[in-house]
Amino acid sequence: RLKPNADVYFNLGFIRDKAGRNEQAVEAFREAVRLKPSLDRAWYGMGLALGALGRHQEAAQALEEAGRLQPMNGHAWYALGMAYHHAHQPEKVKEVALHMVRFDPAMTRQLIKEAERADLADPGLGELVLHLHDALVLGDDAVEPVVERTADAPMRFALAIDQPGST
């Protein structure tokens, strides 16, 4: 007989989630992360199940942990942005978009669209979001034009170009 471990509870949560039994999925995912707090996929699954239950603030907390454990996981960050959107936290959605654009600009654009944040795609700060990836990929030569085009954006976001971990 198998002794229950974090992976078993994750699998149980996954199956329950796919069966639409979200409350029981959350219970299984909670047990998985209790047994193994570094199990990022269990935090992600718990966040998705909580979101499906309409518990968006709790979902955001679980997805924050998933993002912390896997900082380049675009799916976790996208789900976190959407949890913030549903929890009516527009500034947090912006922070997520600024983080995501550094490694997944396509998913960032999807978040902007789904979260109905056209302001992030408009000139000014939005231009920074949509061009930050190019600046980082192309190197220092591309940074100055992005900053010039976004001179009216708040300074802390303009500085994000020089200090990627500051958002």
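This is a short tour of the model, one selection at a time.

**Before selecting anything**

The model is predicted: local features need pLDDT of at least 70, side-chain atom pairs count only at pLDDT 80 or more, and totals for chains, interfaces and linings use all residues. Residues are numbered from 1 along each chain as its sequence is written, and side-chain values use heavy atoms, with hydrogens and water left out.

**Whole chain**

Colour by pLDDT, the predictor's confidence in each residue, from 0 to 100. The mean for the protein chain is 80, and 71% of its residues reach 70 or more. Switch to a cartoon: the chain has 10 helices and zero strands, where helices (H or I, at least four residues) and strands (E, at least two) are DSSP runs numbered from the N terminus. Of the 167 residues, 43% count as buried; buried means under 20% relative accessible area, exposed over 50%, and partly exposed in between (1.4 Å probe, protein chains only). A contact means heavy atoms within 4.5 Å. Among contacts in the protein chain with a separation of 6 or more, 46% are between residues 24 or more positions apart.

**The core**

Select A42, M46, L80, V96, M100 and L111. In the largest nonpolar core, which has 35 residues, these touch the most other members. Such a core is a set of buried Ala, Val, Leu, Ile, Met, Phe, Trp, Tyr and Cys residues joined through side-chain atoms within 4.5 Å. At least two core residues come from each of α1 (6-18), α2 (22-35), α3 (40-52), α4 (56-69), α5 (74-86), α6 (90-100) and α7 (105-114). Helix α5 gives the most, with seven residues.

Leaving aside neighbours within four places in sequence, A42 is in contact with F10, F29, A32 and V33.

**The rings**

Select F10, F14 and F29, which ring pairs link into a cluster. Rings of Phe, Tyr and Trp (its six-membered ring) pair if their centres lie within 6.5 Å; planes under 30 degrees apart count as stacked, over 60 as edge-to-face and the rest as tilted. The whole structure has two aromatic pairs. One of them, F10 with F29, is tilted, at 5.8 Å centre to centre and 45° between the planes. F10 lies in helix α1 and F29 in helix α2, so the pair ties together parts 19 residues apart in sequence. Both F10 and F29 are buried.

**N22**

Go to N22 in helix α2. At 14% relative accessibility, N22 counts as buried. Beyond four places in sequence, N22 touches R16, D17, A49, A52 and L53.

Select Y78, in helix α5. Not counting residues up to four places away in sequence, Y78 touches M100, M107, Q110, L111 and E114.

Move to α7, where P105, M107, T108, L111 and I112 are buried. They cover an arc of only 160° around the axis (taken from the directions from the helix axis to the C-beta atoms), which puts them on the same side of α7. On the other side of α7, A106 and K113 are exposed. Just after α7, E116 takes a positive phi of about 55°.

**Last stop**

Select residues 142-167. Here pLDDT stays under 50, and the model has 35 contacts beyond four places in sequence for these residues. Where pLDDT is low, the predicted coordinates should not be read in detail.
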